[in-house]
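Take a look at the chain below. This report walks through a few of its side-chain pairings.

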Amino acid sequence: MAMIEGPRGPKPQKILNPSRIMLYGVLIVVAVYYLMPLYVMVVTSLKGMPEIRLGNIFSPPVEITFDAWDKAWNSACTGLQCEGLKVGFWNSMIILVPSTIVSIAIASVNGYVLSFWRFRGSEVFFTMLIFGSFIPYQVMLYPLTIILRTLGSYGTLHGVIIVHTIFGMPILTLLIRNYFASLPRELFSAARVDGAGFWQIFFQIMLPMAVPIITVAVILQITGIWNDFLFGVVFAGMRNWPMTVQLNNIVNATQGVKEYNVNMAATILTGLVPLSIYFISGKYFVRGIAAGAVKG
């Protein structure tokens, strides 16, 4: 008579054991902590000023109104001009797109060269590049002002584009170089044996494999350039101020009535681009960071 064996494998865990309850409890508390300011901004932006003066910032709006959003976008005063944030939005877009494309393109080639096409002094160059990526921006403001003024680019959008492109390249080169260094060198050697040249190997082999780290670079550049205040206020000029500088002028206005609903709407409008990027491509950011952190 055959003996009936008991079930094999690990014992099933309870759905609600103490450790899992503690983990989810901590996650919920942290999520509420970080989402509460966003909730306050949204509900405040949808209220009128009479309702805001009642003093309960956590209560939902009794009557939803988008007047604050309309004013923040079209007619809020950002200094001497009362044209809203729409002007700063387009200035930020004009700065963002070429700065991101050019800096990533140059950093990709730099990382490719430093990984596979070693030259005399390449390690010294790479060390200087790393050192340059950690120099505080404030130290470079005056020399950059002199250089841009000499070039005739001070107070212009293309001057800010040049600055963002230059300052983005060192850290992006470091990221992309480390990613390329993790790839099997046999791929490069095999392509060389087959007669492929510099650009052919780069465009047909290396660049398609670098999509994860390129995604990381795009996210870093978009968020860094869009959220920048320092370079915009110093180098852009009054008519070319990006959205962050205009937001600062709206929120810190010292004349007239403090319109908290307009301030909150302007803050949300300014943060929509980086928030959207993270929501859309957050998982690719994590994958790219993980892939670049593994040394092959």
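How many residues apart in helix α11 are F231 and F235? The model is predicted. In it, F231 and F235 are four residues apart in helix α11 (residues 230–235), so about one helical turn separates them. Their ring centres lie 5.9 Å apart and their planes meet at 45°, so the pair is tilted. F231 is buried, at 1% relative accessibility. F235 is buried too, at 0%.

The structure holds 21 aromatic pairs. One aromatic cluster is formed by Y112, F116, W117, Y179, F180, F188, F198, W199, F202 and F203.

Next come the charged pairs. Side chains of opposite charge can pair when their charged atoms come close. The count here is two salt bridges.

| Salt bridge | N to O distance |
|---|---|
| E259 and K71 | 2.6 Å |
| E83 and R239 | 3.9 Å |

E259 sits in the loop between α12 (243–251) and α13 (260–293), while K71 sits in helix α3, so their bridge ties together parts 188 residues apart in sequence. E259 is partly exposed, at 26% relative accessibility. K71 is partly exposed at 28%.

E83 is partly exposed, at 31%.

T78 is in the loop between α3 (67–74) and α4 (86–116). Is T78 buried or exposed? T78 is buried, because its relative accessible area is 4%, under the 20% cut-off. Beyond its neighbours within four places in sequence, T78 is in contact with G84, W241, Q246, N249 and I250.

Methods. Residues numbered from 1 in each chain as written. Predicted model: local features only at pLDDT ≥ 70, side-chain atom pairs only at ≥ 80, totals over all residues. Heavy atoms only, no water. Phe/Tyr/Trp six-rings, centres within 6.5 Å; stacked < 30°, edge-to-face > 60°. Helix = DSSP H or I, 4+ residues; strand = E, 2+ residues; numbered from the N terminus. Buried < 20%, exposed > 50% of the residue type's maximum accessible area, 1.4 Å probe, protein only. Contact = heavy atoms within 4.5 Å. Salt bridge = Lys/Arg side-chain N within 4 Å of Asp/Glu carboxyl O.
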